[in-house]
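Have a look at the model first, then work through each task and compare your steps with the solution.

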Amino acid sequence: MTDKTTAFRSLHRSGCFLMPNAWDAGSARILSAQGFEALGTTSAGVAFARGVSDGAQAIGRSEMMDAIHQIASAVSIPVSADLEAGFGSEPSDVADTVLKAIQAGAVGGNIEDTSAGEPSGLFELARAVDRIRAARSTGAGFVLTARTDVCLLRGTEALSMAIERCQAFVEAGADCVFVPGLTQAQDITTLVSEVQAPVTVVMGLASSSLTVADLRQAGARRISVGGSLARACLGLLRRASRQMLDEGRFDYAVEQIPDAELCEFFAMDDITARARFRSQ
């Protein structure tokens, strides 16, 4: 087990930590230097940066693994990979994806239960469990997060189904569970009380105003922001573009990081950059 894997596992033992999501080496370096203890990747951000839609595995496994490798190699802290639905429906596909993620430098990753080939949009529970079990068979070190999208597809009234799935995934070997679509603290508290594994939540969505303090009190162990940082950056790009075209103004430039500062920053290695930030 690597030092990064050990460090990442230890973060899940108690408390609540933030794990923002990077989409390339540059965003990973910026986030790491702020002092976060771990990063996630975002498949949405990776897709958008390449000018394609999120979902339906618009980015192939090989290209996604290259992105994960670039992110993990850029920073000195643990990286957990967004592995979508495992890049294949068969359990063997999922196991191979996890092995490739480990080779790319990820110490953890999430596998979701969505399936475009199923009428419900989800793999049947037994098949979803087999896929998590296959992911677990790749080794004990990898921090495996089982994600169910049932609340995204059916709303929070499907929380009981999400709990059933999470319990089955933990029994199959998942280290953590992740249920996107929960925006109320009480729902998160219920999930935490019913599932015997650390719970990850995603924030940065317009539908929730919960804070880190709220999520910590609700019992969440890990906080992701999914693709929201990437979307926010693209939002700035669109607003700046419209302002230039419609008003002939360049107000966006006030918020930019100066070129000299960025060049100095990217000339440092990640450990030096993190140390400098903490000393300021």
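This is a predicted model: local features need pLDDT of at least 70, side-chain atom pairs count only at pLDDT 80 or more; totals for chains, interfaces and linings use all residues.

Residues are numbered from 1 along each chain as its sequence is written, and side-chain values use heavy atoms, with hydrogens and water left out.

**Exercise 1.** Find how many aromatic pairs there are, and classify the pair of Phe8 and Phe17.

*Solution.* Start with the rule: rings of Phe, Tyr and Trp (its six-membered ring) pair if their centres lie within 6.5 Å, and planes under 30 degrees apart are stacked, over 60 edge-to-face and the rest tilted. This rule gives two aromatic pairs. For Phe8 and Phe17, the ring centres are 6.3 Å apart and the planes stand at 80°, so this pair is edge-to-face.

Next, check accessibility (buried is under 20% relative accessible area, exposed over 50%, partly exposed in between, with a 1.4 Å probe and protein chains only). Phe8 has 0% relative accessibility and counts as buried; Phe17, at 6%, is buried too.

**Exercise 2.** Classify the pair of Phe265 and Phe266, then find which residue lies over the face of Phe265.

*Solution.* The ring centres of Phe265 and Phe266 are 5.0 Å apart with planes at 75°, so the pair is edge-to-face. Phe265 is buried at 12% relative accessible area, whereas Phe266 is partly exposed at 38%.

Now look for a charge over the ring (NZ of Lys or CZ of Arg within 6 Å of the ring centre and within 35 degrees of the ring normal). Arg29 lies over the face of Phe265, 4.9 Å from the ring centre.

**Exercise 3.** Describe how helices α4 and α5 pack.

*Solution.* Helices (H or I, at least four residues) are DSSP runs numbered from the N terminus. Axes are lines fitted to C-alpha atoms over the stretch in contact, with angles from 0 to 180 degrees between N-to-C directions. The axes of α4 (residues 61–74) and α5 (residues 91–104) come within 8 Å and cross at roughly 30°. The two helices are therefore roughly parallel, a class for angles under 35 degrees.

Finish with the contacts (heavy atoms within 4.5 Å). Among the residues that meet are Met65 and Ile68 of α4 and Thr97 and Ala101 of α5.

Definitions and conventions
Angles under 35 degrees count as roughly parallel, over 145 as roughly antiparallel, 65 to 115 as roughly perpendicular and the rest as oblique.
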